[in-house]
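Biologist: Could you walk me through the contacts here? I would like to hear what stands behind each term.

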Amino acid sequence: MRTSPTPIRRALAAAAGAAMALGLLAACGSDGESGGDADTAEDFDFSCPERTDGEPAADAARNDSQPFVFGTPGDPTSLDPILASDGETFRVNRQVFDTLLDADCTDTVPGLAESYEQNEEGTEWTFHLREGVTFHDGQALDGAAVCKNFERWANFKAGYQSPNFTYYYSSVFGGFAENDPAMGIEAESIYKGCAADGLDVTISLSKYTSSFPGAFTLESLSIISPASIDAVADAAIPTADSPLPEYTQTVGTLAGTGPYKLESWDHSSQEVVLTRNDEYFGEPAKVKTVIFKTISDETARRQALEAGDIHGYDLAAPADAQSLLDAGYQVPVRGVFNLLYLAYTQSHAPLEDHAVREALSYAIDRERIVNSVLPAGGMVATQFMPPSLEGYSEDVATYDYDAEKAKQMLADAGAEDLSITFCYPTDVTRPYMPAPKDIFDMISSDLQAAGVTVEAKPITWVDYIPTTRSGECPLYLLGWTGDFADPYNFLGTWFATESTEWGFDNQEVFDAIATANTEPDQATRVDLWKTANEAVMEELPGLPISSSPPSIAFAPDVYPPDVSPLTREDFSQVYFTTGS
Amino acid sequence: MALLEVEDLRVAFGASTAVDGVSFSVPEGKVVGLVGESGCGKSVTSLAIMGLLPKRRNGRPAPVTASRPVTVEAADGGTVAAPTGPPPSATAVAPVLRRRGSGADVSGRAVFDGTDLLSLAPAAMRRRRGKDLAMVFQDPLSSLNPVVPIGRQITEVLERHRGLKGDKASKEAANLLDRVGIPDPTRRLKEYPHQLSGGMRQRVLIAIAVACNPRLLIADEPTTALDVTIQAQILELLKDLVEAEGTALLMITHDLGVVAGICDEVNVLYSGRVVESAPVRELFAAPTHPYTVGLLGSIPRLDLPIHEPLTPIRGSIADVIRWHDGCAFAPRCDRVAAPCVAGEPALVGAVHAHRCVMAEEVA
Amino acid sequence: MTIAKIEKLDRLIEATATARDARTGSLWRQSIRRMRRSPMAITGAVIVGLFVLVAVVGPWVAPYDPTAQTWGREVFLNRNIFPGPRPENWFGLDHLGRDMFSRMIVGARQTLLVGVVATFIGFIAGAFIGGIAAAAGTFGGRWGERLEAVIMRAVDVALAIPMLLLALSVAALLGPSLRTVMIAVGVAQIPIFARLLRGSMLAQAHSDYVLAAIAIGVPKGRIVVSHILPNSLGPVIVQATLVLATAIIEAAALSYLGLGNPDPGSAEWGTMLADAQRFLSGAPQLAIYPAIGIIVTALGFTLLGEAMRESLDPRLRRQE
Amino acid sequence: MLRYTVKRLLQLSVALLGLSLLLFAWFKALPGGPENRLLPENATDQQREALRAALGLDEPVWTQYGEFLARIVRLDFGSSLSSGRPIATELAERLPATVELSLAAMLIAVGLGIPLGYLAAKRRGTWVDFSTVSGSLLGTCIPIFFLAAMLKVVFAQELGWLPTTFRLTAGADFTEVTGLRVFDGLITGELDIAWDAVRHLILPAIALSSIPLAVIVRITRASVLDVVGEDYVRTADAKGLKPATVRGRHVMRNAMLPIATIIGLLLGSLFAGAVLTESVFAFGGIGSFVYQATTERDYPALMGFILVIAVFYVVINLIVDLSYGLLDPRVRVRK
Amino acid sequence: MSTEQHAEPHVPAQRTEGPDLSTAATGPVAAPLLEVEDLKVHFPIRRGIVVERVVGHVQAVDGVGLSIDSGGTYGLVGESGCGKTTFGRAVLRLEEPTGGRVRLGGDEVTAMKGEKLRRFRSKMQMVFQDPLGSLNPRHNVDMLLSEPLKVHGVGSKAERRKLAVETLDAVGLPKSVLERFPHEFSGGQRQRLGIARALMLRPDLIVCDEPVSALDVSIQAQVMNLLDELQDEFGLTYLVIAHDLAVVRHLSDRVGVMYLGKLVEEADSETIYEHPRHPYTKALLSAVPQPDPEVEANRERIILKGDLPSPANPPSGCRFRTRCPWAEDICAEVEPEWREAASGHKVACHFDL
């Protein structure tokens, strides 16, 4: 058994940050030419950009008296992290609870565990916890506390097992100790057990997957105090559509270890108030009170910031970024960790013809999309994963915009009067796709320029996934934001096996992914993922369009937190500055 | 000098003239009738005297309003021209008067007890209305505010002009109701107009009008909307009040029977002018103007032999020409001749005056 | 002296009568005549006239293809670069590099289409329901009255359902599209039309001329169709004019909610406005052009409708 | 009166039963079940199927309706798909905000609309009339989301007079009594809170009042025109009463009858109108909740909302009808 | 019997010349054209929360019987609310009678239903009080006049038009008005139109409900004369309903006086005005103002107390007793019998006044 203590790397801040890229874009934008000098993967290191704003002086008095108000696009749903799968809930819980491992940029860094080790098969994970960590309720963190959390999750019953509530747990661990057939969870749990020894704790699995160790950074798997677990032991979720138990809706029941404590959650005001945890094990939070307030309307969020009602907000529209910057607001650029693609569903003729797919790929001017409608800092994607992940290959086949070539190829393939249905979602903004309709408009305009007749098929978001999954749409736009640093989180969910959503059967691709996913050794794994990427791009099941960071904005007099490609901002870093 | 002297009263709504130089007088304690068909200007005259016509705003010509429809109906049933507007009933003119946004041009004089009412400031006129001169309207239901108890509707006038308040006013209101013949007046004070019968309502209206013992009472078709037995009651009441108080009454009606029963003097109006005026007995005994003659011939009477054919006036009141072109009645007149359209006919005669150039022929 | 038909008298009568001649004609013609004096009606009619003109000739006079992203590479919405008015593009470019002026002109037709079709749906269906209810209530005896009560109670409850939710359901059923907007807005107006027509018909049903028709022996169906209905349509037609305005505005609201017209090939003001709402800070002109278009047009229809209502309203007419 | 009320309420329950069936059938017919809302986009098909089964969506429709109805009767509308909380709780918590906003909007509409309508009627046919009526109509012609955005741009961003979002400055410390912030601030003596709440109310209330304002102006104008033409106003004039008495006791008291009806109906529709306004101003009432439910296809929440709105609407109608008795003695006796 | 002659509704009835040849042919007693027996119209007052139930009746018409000879005119007079209009409408089946029988020319109108009734309507027509309200404002004169023919399937378009022109001529209107709309006419002309429409089917009976009360005095006379002329020309039988005693007297051969849903007196018009027997009739007659100051000055008026009681709850016994100056105890207890006080003179009063 080869136990290799994995050194936890600090993220290396790259020289050419996207903040600089912003300036570059602004400079070259004035000539009005299409982004001939646009930034491609080669020009950038897609690690997280280094901060260039220094550390302005803090306004100590204000930090204590003035709450920091952050506008969020939606309400959180649950104060129990394990019962949530949405970003708005995570944003709140991340300030209050900690996970065993943390992510900085996309790298895995220490969390509650200072270090960890794994066995060679990747089935035993031992974490060495920090000393002196106490929960908000005064209890001390130890291995037993961690085990109590894992045991609680593994033994969830009834409605707790529904993917409605515990999507991430069952995604990572497959199932529960006793699967409830009524909840439809059938896969066997790969969680075998947890052993605690003082501050050391070992999680045993029956099978390795490449989700580990990244999965230990998932907010869902936050560690709560043992007393909290006892307190909520009786709270039941009898069915999948039961309301969430009361304790998930009111503050004060669950205790975490994070830099902030929950102060209140006013549902009618859509307001969550956090106060500083003075016993925090790390650097204490700068601002005493942080308030998350929901403003679902994109424009309203910007206006609230401009009017000074809030001090920052997430999911700034790409169109607003420049005006905000011009007005002195801060729009730090996140690293990219998502992917937008155009799928070619091969069950629809003539998309099963590689030449047609290739032709269509040449027809699309992805640079224009990236340069015009996506947030600054985005890039044209060459493969089905963002560049910051292991296994990103520089050697994949690329399909650069060439309208003439596309026309020619279509003619050669006998598809010059191709008419094709193209689906896109209507009522949604996704982090990887801020304005689906704009992107659709641009692509369909390009396709039409190449002689393809596009039949638009808008679908509402709730129906969009099932429709595209079923293979009804020959062309469609979709994407994904990674949960943690794991190539399988991208490639695996799409190309592990034959599926109606892609409609192709290429065993070479499937095998490449399966091999990479189950390889515990990192170096080998990286190469295997590169191979897989190359195979996928050779098959060309769809055209990766872009990886682009969702924008976040802050007031001028605020020192913003380090922005994260995973949108895991740590608000304890925020403070009000004296300047400006 | 009579109590009220109306001289050359003219009322125009935009381009159409409703009253075209009416003169008459109401002596103290007398009942004077103003009689004519719908559209002849009798209601407008009374409203002008009361100052209840909307004033025209300065410098802004009122929009052209609908006026009486014109139909030319020859004796042989020949040509027909075009009316629109309200049907010629007794109420038809009133809405025209009340249209806001336009207004009436009123000229001439209405001297009441030495004061020209037409030249009074609105506030001064308001102080006199309801006190020195009061009015009773045609439709007793619509003339009472449906959402205010009748007691309040009476006391507000006592409050305004006689300074009575609270219990005193209520007591006086009850007295008034008693005086106009409403049984159980104290209970009635709390009731709303819809709870009373038509006759009762008209009594209430009369009570309001006589609340301040006015010297002149104007009654505009006070019995037209009532049944004949109730009409008799109301006429009786009016007569009694006039006799008891010495109030002068200007009675406006289209019903010659009513005129014969209650009036001392009569003015017959046609198309905005007095065409004949006389003491009541003289008028009925010797009608001079062909219009008066025609009216009398149109009415079926109970006291004449049955089935005697009527002699109607031909055409309709819409068939008129302008007075300054000649006699407005000429198109309907059986005796029309060249002089009739040679220019304005003058009102001739003193006690029994008429406006017919062919009067000798008729007589 | 006998009747003397004097020449002068005839002339005088004629002179008096001609002044009134303008007041003949059918009720509609009279209303139109009355409206010609109303500044509201004139303003409304001029706006609506211009709008319809643009809607009709728009596609032929638009300088460019409104859907072509001809200048697509000159627009950078993430950097707030939206070329404004310039000689070749009078209103500048939209966020995808299309000619705003052409889009505005061509969009008028789509906008009119949305308004007209939505109104038509509401009108036809509402009039049908209201007509059935009124006819049943008037001539259907006790059972007819019950049917009427049931229908009208349902209409009452339907009135309580916000249009937005109705639209949402329609969109969920049909998918977001221009058709959805038309149907949703139209369906939402059904109860209003139904109530209006029913009320209007019941009022007419109690009129003397209906009694006269029965007395003549006119069959019931014919009474409804040829007597009651034509006389009841006035307020409904007025409402239709007002609904046209509402439809145009509501269509914009639905677009704002993402339920609107998703077809990139067409230009429709509501969709354009909803789209441009995103660029309000960087490129307000993109929102302002369609907003002005919508507001002015809606105002035009509303003024016209209000003026018509006033001119048809017998109570107000009485005061003339 | 009681008889009538009972009768109306009985009719209401029948109507609501029908409505619930209608809604149930309607939402059942809609494609795209709630599972798509509940799971992230790369959830597996297996997870989706599991959820559908767990939600009982594969049971017979009548069973589902039965359960639905049984719960509705207990005022249990189920739980919201987007927040996982009972819909009844969600609606109840958010009601005060919407009520406060609606009342404020109505206050503006009534306070401005009645005088303007009266003025227009007084000056019928003049430019005052034309501009008052057209101006109020203009308000109805501006898409509400655009109006709201413009109000914010002008008064909050450019002039900086008023806040753009929320009901109170975030983090304000206040005592909750009724949930109506202005009212609470006044009764608890937290005047700064009340003032803050008023400042936050102004812009959304103006935006929301645009349509009711126009309606009230028109109704008031028509109603006053109607009444001033009535004989009893002439009678009042003939009594020589002061103009203020004539206006108040005789004109407005009668003109109020149709206005009161309209105000009642508008209150019902304001709730629906609040959806866009509240979301644009992040006001946090029922409107925001419904907006969210709309964009996220949270059908149970929508269903609950529609039922509540329907009840509200019908009850308001009933109150209006009953209040007629207070306003109009003719009706009082008839019933 | 003359009904056969009227089989074709649009053919003007051929008036028999001389003293009733038809009577001579069929029997000694002339059967009246219209016979009404014990006609009742009660309007139910409904109340109830879920299921409505009837809690009472407004007895608008409560047992009225009369008959009109062919070519005669019967005047029904009474104050507003006495049920005369309802009676008129019930005779024409425009109001559903609660009880009693109506026979027109031997056919029982009250027994007819549906299509048969609709067809039969060609024999009985109505002239309304409000000439404008009873004319469809959207129909021009041509449509107004030809519709009765159309719905009874009479004639071609040209024939209908010809008949319309003839009828217009009969009521004194030129054919040039065919294209005009009702609102373009004066009140008198509108009433002429209303009469013309009623005449189009050449009916046997015309019910005139307040035919002149909405008209100006000078126009009333024109219309009354016209009704007289038309009766002769078309052999019409009239039921004239009016509140104006002078008008009724002028038009009618026989007059009935109604009070609270019942007839109180009936006689030839001359008799009833000369020798009224019922106190109500006396009061009515004494109340009518006469256009003669001498008469007015010397006349003794009977001023009735109070108002009309509610027809939903009429007084016991004699319905008029609450206002009758001669009322005695018996009047409250016993309903007076409808008796023939003199030949052809019926009255419902306990006393011979």
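Modeller: Gladly! A salt bridge is a side-chain nitrogen of Lys or Arg within 4 Å of a carboxyl oxygen of Asp or Glu. By that rule, one salt bridge crosses the interface of domain 1 and domain 2 of chain B. This is a predicted model, where local features need pLDDT of at least 70 and side-chain atom pairs count only at pLDDT 80 or more, while totals for chains, interfaces and linings use all residues. Residues are numbered from 1 along each chain as its sequence is written, chains are lettered from A and ligands numbered from 1 in the order in which they are written, and side-chain values use heavy atoms, leaving out hydrogens and water.

Biologist: Why is the pair B:E245 and B:R179 called a salt bridge?

Modeller: Their side chains meet at 3.3 Å, N to O, and the limit is 4 Å, so the pair qualifies.

Biologist: What makes up domain 1 and domain 2 of chain B?

Modeller: An automatic or database domain assignment sets the bounds: domain 1 is 4–132 + 214–362 and domain 2 is 140–213.

Biologist: How much area is buried between these domains?

Modeller: About 1,400 Å², with 64% from carbon and sulfur atoms; buried area is the accessible area (1.4 Å probe) that two parts lose on being put together, summed over both.
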